[in-house]
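Here's a quick briefing to read with the structure open beside you.

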Amino acid sequence: MYFQHSDEIWSEHPGLVAGVLLATGITADADVEPRLHAFDTRAKARLAAGTEADLPEIQAWRRTFSQMGLKPTRYRCASESLLRRFRKEGALPRIHPLVDLCNAVSLAFAIPVAALDLAEISGDLEVRHATGDESYLTLSGEPESPEPGEVTFTDGAGHAHARRWTNRQSGRSAVRDTTRTVLIVAEGVHASAATDVAELVATLADAVGGVWPGTVRTAVLSRSAPRFDVEV
């Protein structure tokens, strides 16, 4: 299988930079707490002078959501939602060690990070405009149908693994205790995304590789090199 963004997405969003990480050997009993503190500290430092809405990474996603016809204060990218909760509550709830690590890195970089259980993805996975025939499951298991034209992560079986691009992931491929192999995607659309996404992927790869004994493989995608072949 492979992961890629469609030609239309690259054409409409030429500033997009996507980082991809494939990791095997994931388990739910790992201890990531010692690694989360540094990421939380970085996020707190960035929020000290204002709110998440002041960060260039978030501002760029807000412009992107507006371009897609979405009200950015109603539909927020995942990293903005995490930062907003973190600023108000001072911490994020613990879900699964890999999810906790991805969330912490997303906070630190203010860039959306999606972690998908590869076992729940059928065939190739593409970020593209929905036709309206895709099926999506919420985290609580409720079925939904993405609107035609909405940007989704869609697999070969027509399963949508996200709503409104970086707004909300699907419960179908959410990381759980049985997850062993994951595909992690980080996407930036701000001016320094090329540098920042590459740093994020390298940072996350180092953390994942230091916690779990499996293999880690990464790539940074662009319009000229849009495809990541998933070989497990």
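Predicted model: local features only at pLDDT ≥ 70, side-chain atom pairs only at ≥ 80, totals over all residues.

Residues are numbered from 1 along each chain as its sequence is written, and side-chain values use heavy atoms, with hydrogens and water left out.

**Around Glu150**
- Glu150 sits in the loop between β6 (143-144) and β7; strands (E, at least two residues) and helices (H or I, at least four) are DSSP runs, numbered from the N terminus.
- Glu150 has a relative accessible area of 10%, so it's buried (buried means under 20%, exposed over 50%, partly exposed in between, with a 1.4 Å probe and protein chains only).
- Skipping neighbours within four places in sequence, Glu150 is in contact with Arg128, His129, Ala130, Arg163 and Arg164 (contact means heavy atoms within 4.5 Å).

**The sheet**
- Four strands make an open sheet in the order β7-β4-β1-β12, with mixed pairing (two strands pair if DSSP finds at least two bridges between them).
- At the edges are β7 (151-155) and β12 (227-229), each pairing on one side only.
- β4 and β7 run antiparallel over 5 bridges, and Glu126 has Thr154 in β7 as its bridge partner.
- β1 (residues 2-5) and β4 (residues 125-129) pair in the parallel sense over 3 bridges, with Phe3 opposite Leu125 in β4.
- β7 is largely enclosed by the rest of the structure, because 5 of its 5 residues are buried.
- From β7, Val151, Phe153 and Asp155 point one way, while Thr152 and Thr154 point the other way.

**Around Thr24**
- Thr24 is in the loop between β2 (17-23) and α2 (33-47).
- With 17% relative accessibility, Thr24 counts as buried.
- The Thr24 side chain reaches the backbone nitrogen of Thr215 at 2.9 Å.
- Leaving out neighbours within four places in sequence, Thr24 touches Arg180, Thr181, Gly214, Thr215 and Val232.

**Helix α6**
- The buried residues of α6 include Ala193, Val197, Leu200 and Leu204.

Note on methods
Polar contact = N/O pair within 3.5 Å; in protein donor to acceptor, adjacent residues only side chain to side chain.
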